[in-house]
Amino acid sequence: MSQVVTRTEPDHAPADKPRGRLAALAGWRRLVVLAAVGLIVVSLTRVVTGANDIDSSGALGAALALAAPIALAGLGGLWSERAGVVNIGLEGMMILGTWGAAFFASNYGPWAGLLGAIFMGAVGGAIHALATVVFGVDHIISGVALNLLGLGAASYLAVRTFEATGGTQSPSLPELPRITITGLSDWLGEIERGRTFLVADVASVFRALVTNLSVVTVLVVGLLVLSWWIIWRTSFGLRLRSCGESPTAAETLGVNVYLYKFVAVVISGGLAGLGGGFLAMVASNLYREGQTGGRGYIGLAAMIFGNWRPGGLAAGAGLFGYSDAIYLRGGGDVIHAFLLPFSVFLLLWGAWALWRRRQGKRVVGLVSVVIAVAVLVWFALTSIFPRELTGMTPYLATLIVLAFASQRLRMPKADGVVYRKGEAS
């Protein structure tokens, strides 16, 4: 008996592409609107509270520098997990990258240092891919082992290669170029010092982008955009994401799942290694033990914060970088100033939840209102945020945001699932 097969895909294909473009455009518009609203809120907070360092060009420039290695680690995690491989070994790959940057930069120059960092991170990624993709080792166990391996290997290699400085740190490394547009920077600085509502804040944002900006920071932004384009706008990216969503279905369509997973994890390691290289060559200008400071784990948190997407990941890395910058600049007054908009937001959220009159929402609304009142009283009765708690702000902020956005987070369906070839048959 013959069968009649009706194919409807081509009829819908032409309409799907414009629809996808419209969705992407709507997403970018949403980001622009959110950024504009956020800048207005920050400007109002600055004017009302007098915390002028809240968005100064110095604070924003430091935030960019501190966010870059976190963004690279998170981007590495995104590549890996979009292919279905959990990578908590990012910290170990970053550690390998710090040594690779220092060794190659001190012997062959600063650009060779960046390549060395990528290479060493990619080696760590290849080890993780070999264990998880080829041999089917549990992803978490392999990641933990790689973190320990990276720490031990970098410590051993440093002792062998940096004997003149005691083996715990490297000599000073050659510097990479920095970008400063002097005339524009000075003009924006004058506008910023005028402290005009919103105008000064816009000027401080642009001044941070044209003053003492490392070329590696520009490279990080380029890698975020390039990764978005490759993963979401190319056939390679479509196949890679299919490996993270349903590898068995991808296999039936002829996708070499092993190859795509392996390549993704190696790229993940290279990006994390570059993040370690940033710490060694840009942030501190030398290698020393323990300089990653858990940023691999923070990058993983930023990736989850960003819902496994580059734009959200950049926002999460920016939040961590900004909080670190404020902490290092002694910004207890800045964190204290943020208590005001936070309490207002909680109050509005709670009022909206109570207005909806749903049983579950009533409890959430009541709790939000109570917390909002408590935070507002704290703001009114104090003048500065305790410095001991300032270092906790990025983690607290992440927990708060995840609590509000948890219903919209969705990891790849096959993320962390050990895949064996032939399962589809």
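A residue is called buried under 20% relative accessible area, exposed over 50%, and partly exposed in between (1.4 Å probe, protein chains only). The structure is a predicted model, in which local features need pLDDT of at least 70 and side-chain atom pairs count only at pLDDT 80 or more, while totals for chains, interfaces and linings use all residues. Residues are numbered from 1 along each chain as its sequence is written, and side-chain values use heavy atoms, with hydrogens and water left out.

Salt bridges were assigned where a side-chain nitrogen of Lys or Arg lies within 4 Å of a carboxyl oxygen of Asp or Glu. By this rule there are 5 salt bridges. Helices are DSSP runs (H or I, at least four residues), numbered from the N terminus. Asp-201 is paired with Arg-46, and their closest N and O atoms are 2.9 Å apart.

The side chains of Glu-245 and Arg-410 form a salt bridge with an N to O distance of 3.0 Å. Because Glu-245 lies in helix H9 (residues 235-245) and Arg-410 in the segment after H17, the pair ties together parts 165 residues apart in sequence. Arg-410 is partly exposed, at 43% relative accessible area, and Glu-245 is partly exposed at 22%. These two residues and Arg-82 are linked in a network of salt bridges.

Gln-291 is located in the loop between helix H11 (257-283) and helix H12 (295-305). With a relative accessible area of 7%, Gln-291 counts as buried. Its side chain makes a polar contact of 3.1 Å with the side chain of Ser-284. A polar contact is a pair of N or O atoms within 3.5 Å; within protein, one must be able to donate a hydrogen and the other to accept it, and residues adjacent in sequence count only if both atoms are side-chain atoms. The side chain of Gln-291 also reaches the backbone oxygen of Leu-286, at 3.2 Å. Apart from neighbours within four places in sequence, Gln-291 is in contact (heavy atoms within 4.5 Å) with Thr-98, Leu-279, Ala-280, Ser-284 and Leu-286.

Positive phi values occur at two loop positions described here. Arg-195, in the loop between helix H6 (182-193) and helix H7 (199-210), has a phi near 55° and is not a glycine. Arg-195 is partly exposed, at 45% relative accessibility. Asn-307, also not a glycine, has a positive phi of about 60° and lies in the loop between H12 and helix H13 (310-328). The relative accessible area of Asn-307 is 21%, so this residue is partly exposed.

On the surface, Trp-378, Leu-389, Met-392, Tyr-395, Leu-396, Leu-399 and Ile-400 form a nonpolar patch with about 630 Å² of accessible area together. Patches are made of residues with over 30% relative accessible area and no salt bridge; like charges are joined within 9 Å, and nonpolar side chains (Val, Leu, Ile, Met, Phe, Trp, Tyr) within 5 Å. Accessible areas come from the Shrake-Rupley method with a 1.4 Å probe, and for residues only the protein chains shown count as cover. Helix H17 (residues 393-405) gives the most to the nonpolar patch, with 4 residues. Tyr-395 lies in this helix and is partly exposed, at 43% relative accessibility.
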